[in-house]
There are 2 protein chains.
Amino acid sequence: MPTFFVERRNIEGDTALLSGTEAGHMLRSLRLSPGDSFFAFDEAGNRYRMRILEATSRSLRAEILESSPPEPPPAIEITLLVGLPKADKLDFILEKATELGCSRVIPFRSSRTIPRLGPQEARRKRMRWERVALAAAKQCGSGRVPEIPGLLSYPEAVAAGARSEGRVVLYEGVGRFGLKATLSGMGSPKSVSLLVGPEGGFSEDEVREAEAMGFVRAGLGQRILRVDTAALAALCMVTYHFEAEA
Amino acid sequence: MPTFFVERRNIEGDTALLSGTEAGHMLRSLRLSPGDSFFAFDEAGNRYRMRILEATSRSLRAEILESSPPEPPPAIEITLLVGLPKADKLDFILEKATELGCSRVIPFRSSRTIPRLGPQEARRKRMRWERVALAAAKQCGSGRVPEIPGLLSYPEAVAAGARSEGRVVLYEGVGRFGLKATLSGMGSPKSVSLLVGPEGGFSEDEVREAEAMGFVRAGLGQRILRVDTAALAALCMVTYHFEAEA
């Protein structure tokens, strides 16, 4: 899936000039050569399918085979509420959530959240999270960065998530999948919040607190998933469920 | 999602004794206490929902509220064929694929694969991949480790994937999703192969080579996904698609 960045000022008519590290990467690392096609996007989010016409050692000229306007906003606005995991797992979740078009990622601390962050560290982390999301948005060429309001308390997170039409709390139950039935029962919401517990899981009280705010309990089946896997899997599944057939 | 390991010999009737690092983790890191419930599994893959009855500083006694037999084999056997990515990304893919119940992971080298491994390094890597998958299987309590035949050539990988009833090659097309229609058109296969390109993408020839072996081209839409994200997203989506409603 080779996708590259091209500056708009280097596009003229139906040809584009790529140079610098981008061209170097394509020609040297990936060994692309004249005749090979690739995808590109520009700083406005326009997308292109191109084919290399000619290449020198450091730049290449490509023909635009197809172009399409910037990515439309996602069909469904997904808010991912996730119990702050240990180490850099949230960076990973943010990177993937950005690529997958998630609209909002809200890390929260709850009774069984393991990392304890002071207010200053939480602010530093938030800046880091914003950088990670921005880099991922740039890398995947969407220009769409999820909103990250910073680390919230559990009640704040649940209240923020309750603004979505569809609300799911992922809760590990022995042997029940449930997510499919839950999503099917939602009709066609414009927004969905996914509430995923921290490594220590939710307490029963916390699940009930979410249910009181309209969250529906659903499981991912037999699987015992790490926080990051659960968050990502749920995000992919919800995206898939509400994706229009092409 | 607190899930812990309990040895079968420490289960008697409807109570279980947990001690050692497992109990220490539960009591000290997660601050669980009498009355809290949690999930556990034993070495045979039996699953339990338990509630803490009493705890000392280093061990705890729990009541079994519910138990269920080992996880049945996945409803659908998924083979993930993935172009060898850079650095340790395959470790990550293996970890997540194992958690998600993937049956087989086959890394391959194709024309645009960036890492070049000699035969000795490939053997070393394979041992590492097996360790990663095993650790993930243990961690998620499934005992089910995906088969990893080692690094194959592209034709070998395509041939291995062609043994599945359903065959999809993920190919980035501008603006087409396609996966849903492709999966819906498959009916109820017992096995599905997912072919995901390396960082450099597939060449048109390679896509045609896969098509000649019965793979159907499908996209993941507007998204420009990293190899690991694409592999994982496709895996989650296929799992979701064929998952029975609970």
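Predicted model: local features only at pLDDT ≥ 70, side-chain atom pairs only at ≥ 80, totals over all residues.

Reader: OK, and which ones in helix α1 of chain A are buried?
Author: The helix covers residues 20-29 of chain A, and its buried residues are Ala23(A), Gly24(A), Met26(A) and Leu27(A).

Reader: Why do the buried residues line one face of the helix?
Author: If you look down the axis of α1(A), the buried residues fall within an arc of 165 degrees, so they line one face. As a general point, an α-helix has 3.6 residues a turn, so residues three or four places apart point the same way.

Reader: What do the buried residues of α1(A) pack against?
Author: Strands of chain A: β1 (3-5), β3 (15-19), β4, β5 and β6.

Reader: And what happens just after α1(A)?
Author: Arg31(A) is there, with a positive phi of about 55 degrees.

Reader: Switching to the interface. How many residues of chain A and chain B are in contact?
Author: On the chain A side it's 70 residues, in contact with 68 residues of chain B. The two chains bury about 6200 Å² between them, and 58% of that is on carbon and sulfur atoms.

Reader: How many salt bridges across the interface?
Author: Eight between chain A and chain B. Asp228(A) forms a salt bridge with Lys96(B), where the closest N and O atoms are 2.9 Å apart.

Reader: Which element gives the most to the side of chain A that touches chain B?
Author: That's α7(A), with 11 residues. As for the make-up of that side of chain A, its residues divide into 32 nonpolar, 18 polar and 20 charged.

Reader: Last one, Cys140(B). Where does it lie?
Author: Cys140(B) is in the loop between α3 (119-139) and β9 (152-153) of chain B.

Reader: Buried or exposed?
Author: Cys140(B) is buried, because its relative accessible area is 2%, and the cut-off for buried is under 20%.

Reader: So what is Cys140(B) in contact with?
Author: Setting aside neighbours within four places in sequence, Cys140(B) is in contact with Ile224(A), Thr98(B) and Glu99(B).

How values were computed
Residues numbered from 1 in each chain as written. Chains lettered and ligands numbered in written order. Heavy atoms only, no water. Contact = heavy atoms within 4.5 Å. Buried area = accessible area lost by both parts, 1.4 Å probe. Salt bridge = Lys/Arg side-chain N within 4 Å of Asp/Glu carboxyl O. Helix = DSSP H or I, 4+ residues; strand = E, 2+ residues; numbered from the N terminus. Nonpolar A, V, L, I, M, F, W, Y, C, P; charged D, E, K, R; others polar. Buried < 20%, exposed > 50% of the residue type's maximum accessible area, 1.4 Å probe, protein only. Arc of directions from axis to C-beta.
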